[in-house]
Amino acid sequence: MSKENLYKNIDTVFSDVISSLSGSDDKRLNEVPFTDSWTIGQTAEHIIICSRGIPDHKVTDAGRPFDAKVDALGDIFLDMSQKSKADPRVAPGVPPHSKKELSSLLEANKKLLLGIISERDLSELCVDAEFPYLGHLTRYEWLYFMQVHTQRHLNQIKNIQQMMSAH
């Protein structure tokens, strides 16, 4: 995928999450849909926590294709049949959540990520932190992770909204 497509996809998925929040009032946003589920607000907060930027204070030449781990990331996050518990460091807080605040933070994160795409070398390997099971990622791969991770949780938000509107 090109840098332009990554930019477009991140812009779209964050806009779609913000739009999906506008379809829920604050009561619905904070309602637990079923046992062991996050609320819509908690899901949005989790997206925010996971998309606050890239661990790229220290970078180096990747010595490999900049997008070598994109397929693995897609396989992990776009397969909705796979379930896993979030690392406690990125778990959301307890409700209540505010639609206005969540939307504002999502918009700020989107702007930050789009700025990174526009201004930085996405092929550099970020060595500040390793991604679980995959090791160090390039800026491009971190951004792709944020795209597919956000898409996964957007799907969950839409499923929760459908389930709630059916009851």
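The chat below covers a pocket and some salt bridges in this predicted model.

Q: What volume does the largest pocket have?
A: The volume of the largest pocket is about 1500 Å³.

Q: Which residues lie nearest its centre?
A: They are His-46, Ser-84, Lys-85, Ala-86 and His-149, out of a lining of 39 residues.

Q: And which helix gives the most to the lining of the largest pocket?
A: That is α6, with ten residues. α6 covers 139–166, and α3 (40–50) and α4 (70–77) each supply at least two residues as well.

Q: How many of the lining residues are nonpolar, polar or charged?
A: The lining has 19 nonpolar, twelve polar and eight charged residues.

Q: OK, new topic. How many salt bridges are there?
A: The count comes to eight. One of them pairs Lys-110 with Asp-11, with the closest N and O atoms 3.1 Å apart. Lys-110 sits in helix α5 and Asp-11 in helix α1, 99 residues apart, so the pair links distant parts of the chain.

Q: Is Lys-110 buried or exposed?
A: Lys-110 counts as buried because its relative accessibility is 8%, under the 20% cut-off. Asp-11 is partly exposed, at 28%.

Q: What about Arg-89, which partner does it have?
A: Arg-89 forms a salt bridge with Asp-87, and their closest N and O atoms are 2.8 Å apart. Arg-89 is exposed at 70% relative accessibility, while Asp-87 is partly exposed at 31%.

Q: Which residues do shared partners join into one network?
A: Asp-56, Arg-120, Glu-124 and Arg-139 are joined that way by salt bridges.

Terms used
Residues are numbered from 1 along each chain as its sequence is written. This is a predicted model: local features need pLDDT of at least 70, side-chain atom pairs count only at pLDDT 80 or more; totals for chains, interfaces and linings use all residues. Side-chain values use heavy atoms; hydrogens and water are left out. On a 1 Å grid over the protein atoms alone, a cavity is a set of points where a 1.4 Å probe fits but cannot get out, and a pocket is an open set with protein on both sides within 12 Å along at least five of seven lines; lining residues have an atom within 4 Å of a point. Grid points are joined across faces, edges and corners, and a volume is the space filled by probe spheres set on the points. Helices (H or I, at least four residues) and strands (E, at least two) are DSSP runs, numbered from the N terminus. Ala, Val, Leu, Ile, Met, Phe, Trp, Tyr, Cys and Pro count as nonpolar, Asp, Glu, Lys and Arg as charged, and the others, Gly among them, as polar. A salt bridge is a side-chain nitrogen of Lys or Arg within 4 Å of a carboxyl oxygen of Asp or Glu. Buried means under 20% relative accessible area, exposed over 50%, partly exposed in between (1.4 Å probe, protein chains only).
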